[in-house]
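This report covers the fold, the nonpolar core and the side-chain interactions of one model. The structure is shown first.

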Amino acid sequence: MAGKVGTNLSKTVDNVIIGVKEIQKSWDEKVQEYRETSTFLIPIDLVNAKDYYYLQVALPGVAKEDIELEATENSITIKAIFQNIESPEGLEPELVIKGLKNGNAKRTIPFANEIKPEEISAKFQDGALFLEIPKVATAKTKINID
């Protein structure tokens with residue numbers, strides 16, 4: 001009797017472990033899918049030059065009208081709306097592969113140097129936003145040593 005209970009308990013524990021592993025695998029797949037398609041990670045390249053920062057922002061499929069820029073003395077925020085593919089009315093398409101971003105996206109880039117928000121120039125072409133961001137010149141004072 002004790003041997004049968006022990007065997008059944010062992011099988012139950014094994015089944016629980018298998019179930020937990022399947023849940024973990026499913027969870028890992030969902031987290032990976034989220035990471036690959038989440039919209040808050042707008043891809044950028046930032047170059048720090050002598051008097052300017054140069055920022056390139058990848059916004060494939062985003063219309064110029066769906067981009068908003070806000071700048072302060074030490075940061076710039078990019079907001080964009082990634083649109084879904086519209087399906088014909090009455091059809092319920094099945095998403096086979098999920099790889100494109102959709103929905104609202106926002107990214108704030110902080111700068112080490114103070115910038116001139118009123119002098120930023122922006123150009124949007126072929127799904128890429130290019131920004132030229134002038135830095136505030138910092139005055140240097142020579143200090144005499146006694």
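Among contacts (heavy atoms within 4.5 Å) between residues at least 6 apart in sequence, 59% join residues at least 24 apart. The model is a predicted one, in which local features need pLDDT of at least 70 and side-chain atom pairs count only at pLDDT 80 or more, while totals for chains, interfaces and linings use all residues. Residues are numbered from 1 along each chain as its sequence is written, and side-chain values use heavy atoms, with hydrogens and water left out.

The protein has one helix and seven strands, taken as DSSP runs numbered from the N terminus (helices H or I, at least four residues; strands E, at least two). From the N terminus on, the order is α-β-β-β-β-β-β-β. The accessible surface comes to about 11600 Å², with 54% of it belonging to carbon and sulfur atoms; areas come from the Shrake-Rupley method with a 1.4 Å probe, and for residues only the protein chains shown count as cover. Of the 146 residues, 18% count as buried (under 20% relative accessible area; exposed is over 50%, partly exposed in between).

The largest nonpolar core has 18 residues. Such a core is a set of buried Ala, Val, Leu, Ile, Met, Phe, Trp, Tyr and Cys residues joined through side-chain atoms within 4.5 Å. Leu55, Val57, Leu59, Phe111, Leu131 and Ile133 touch the most other members. Strand 2 (52-58), strand 4 (75-82), strand 5 (103-110) and strand 7 (128-134) each supply at least two residues, and strand 4 gives the most, with four. Beyond its neighbours within four places in sequence, leucine 55 is in contact with residues including Ile44, Ile76, Ile109 and Leu131.

| Interaction | Residues | Distance |
|---|---|---|
| Salt bridge | Lysine 79, glutamate 70 | 3.5 Å, closest N and O atoms |
| Aromatic pair | Tyrosine 53, phenylalanine 111 | 4.5 Å, ring centres |
| Charge over ring | Lysine 135, tyrosine 53 | 4.8 Å, charged end to ring centre |

The whole structure holds one salt bridge (side-chain nitrogen of Lys or Arg within 4 Å of a carboxyl oxygen of Asp or Glu). Lysine 79 is partly exposed at 27% relative accessible area, as is glutamate 70 at 39%.

Two aromatic pairs are found (Phe, Tyr or Trp rings, the six-membered one for Trp, with centres within 6.5 Å; planes under 30 degrees apart are stacked, over 60 edge-to-face, the rest tilted). The planes of tyrosine 53 and phenylalanine 111 are at 35 degrees, so this pair is tilted. Tyrosine 53 lies in strand 2 and phenylalanine 111 in the loop between strand 5 and strand 6 (121-125), 58 residues apart. Both tyrosine 53 and phenylalanine 111 are buried. The charged end of lysine 135 sits over the ring of tyrosine 53 (NZ of Lys or CZ of Arg within 6 Å of the ring centre and within 35 degrees of the ring normal).

Notes. Buried < 20%, exposed > 50% of the residue type's maximum accessible area, 1.4 Å probe, protein only.
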